[in-house]
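The sequence and structure are shown first.

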Amino acid sequence: MIIVAAAVAFSAVGAAGLVLAINRLLRFLANKKLTILGAQRVGKTTLFQTLRDGKPPKRSKYTVDPEPGMEFTLRLKGKDVRFAIPKDMPGHDGVAFPTWRAAFESSDQVWYLFRADLIASGDVATIQLVTSHLTLLKVWLKSMSGPKPSVLLVGTFADQVSDYSHSHEDVLKRVADCAPIKAGQVQLNNAELVVGSLANARMATTMVKTIERAIS
Ligand SMILES: Nc1nc2c(ncn2[C@@H]2O[C@H](COP(=O)(O)OP(=O)(O)OP(=O)(O)O)[C@@H](O)[C@H]2O)c(=O)[nH]1
Ligand SMILES: [Mg+2]
C-alpha cells in the first residue's frame, strides 16, 4: 500500500516549533527509506503520523494491517522519504518475521521503538521481548553483505516515568544502562539511543529534535 501524503510544510497546523523540527529531521531522511519497527502499541503509528501531520494524533486505533507490510511516502519539496511500518503477528518465535526482515534489509535507516518506561522499571516481559528483537536485528545485520541500514533505538512513553518532566537525562541513563539496550547499541554497529515521548506536541518536539541530533 502506498500512501502519498502532502508535504508537512504545507499541511501542518500543529505547533510551529514541532513543524520546524520535523522539517529539519525530514531533510536528513530525504530520498531515504526508513523502517519503523517495534512491538505492538509502542507508538509506531503515532510517530509516523506526527511526522506526517506536524502534530501528534489525538488517539490511535490498533493498526490492523491486512497485507504484510505497510508503506508510505512523504513528499518534501520534491524529495521523498519512504516509510515502511511492517507488522507481524504476535506469538511468533522470531523465525516468523519475514516482513520485518525484508523491510530491515531494504532500508537506509531502521528505527526500533520500545517502551522506555517499562525498560526503565525493569519489566521482565519487556526486557525479554526487546532482547529477542534486538538479537534478530543483530543476526540480520551480520548476515548482510551489501550496504547496511543504520539502526536507531527509540524509547517511547518516557512521560510514563514519574520523574521524566524533571529529569530527562536520568531516564535516558536508566534506559541506556539496561542490559539489552546496552548490548544492542554495541551489536548494532554502535546504534544511537534516544528516549522521549509523543504524548503531546511539546514532548514530540523534543523527541523529533533528539532524533535529528542522533541521525545527523
Ligand atoms: N503516554 C504515551 N502514549 C503514547 C506514546 N506514544 C504512543 N502513545 C499511545 O499509545 C497507543 C499506541 O500507539 P500506536 O502509535 O498506535 O502504537 P503502534 O506501535 O502503531 O501500535 P500497533 O500498530 O497496534 O502495534 C496510542 O493510544 C497512542 O496514543 C507516548 O510516548 N506516551
Ligand atoms: Mg500502528
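## Helix packing and strand pairing

Helix α4 (residues 98–105) packs against helix α6 (residues 124–143) with an angle of about 50° between them and an axis separation of 11 Å. Helix α4 is therefore oblique to α6, a term for angles that are not under 35 degrees (roughly parallel), over 145 (roughly antiparallel) or 65 to 115 (roughly perpendicular). Axes here are lines fitted to C-alpha atoms, for helices over the stretch in contact, with angles from 0 to 180 degrees between N-to-C directions. The α4/α6 crossing is right-handed, meaning that the near helix is turned clockwise from the far one by less than a right angle. On the α4 side, W100, R101, F104 and E105 meet H133, L137, W140, L141 and S143 of α6; contact requires heavy atoms within 4.5 Å.

The model is predicted: local features need pLDDT of at least 70, side-chain atom pairs count only at pLDDT 80 or more, and totals for chains, interfaces and linings use all residues. Residues are numbered from 1 along each chain as its sequence is written, chains are lettered from A and ligands numbered from 1 in the order in which they are written, and side-chain values use heavy atoms, without hydrogens or water.

S106 lies in the loop between α4 and β5. With a relative accessible area of 39%, S106 is partly exposed, that is, between buried (under 20%) and exposed (over 50%), for a 1.4 Å probe and protein chains only. Its C-alpha is 9.8 Å from that of A84, at a sequence separation of 22 residues.

Strand β6 (residues 150–156) has six of its seven residues buried. Its pairings are listed below; two strands pair if DSSP finds at least two bridges between them.

| Strand pair | Sense | Bridges | One bridge |
|---|---|---|---|
| β5 (residues 109–115) and β6 | parallel | seven bridges | Q109 with S150 |
| β6 and β7 (residues 192–195) | parallel | four bridges | L153 with L193 |

The protein chain has nine helices and seven strands, taken as DSSP runs (H or I, at least four residues; E, at least two) numbered from the N terminus. Of its 216 residues, 48% count as buried. Among contacts with a separation of 6 or more, 73% involve residues 24 or more positions apart. The chain exposes about 10,700 Å², of which carbon and sulfur atoms supply 54%; accessible areas come from the Shrake-Rupley method with a 1.4 Å probe.
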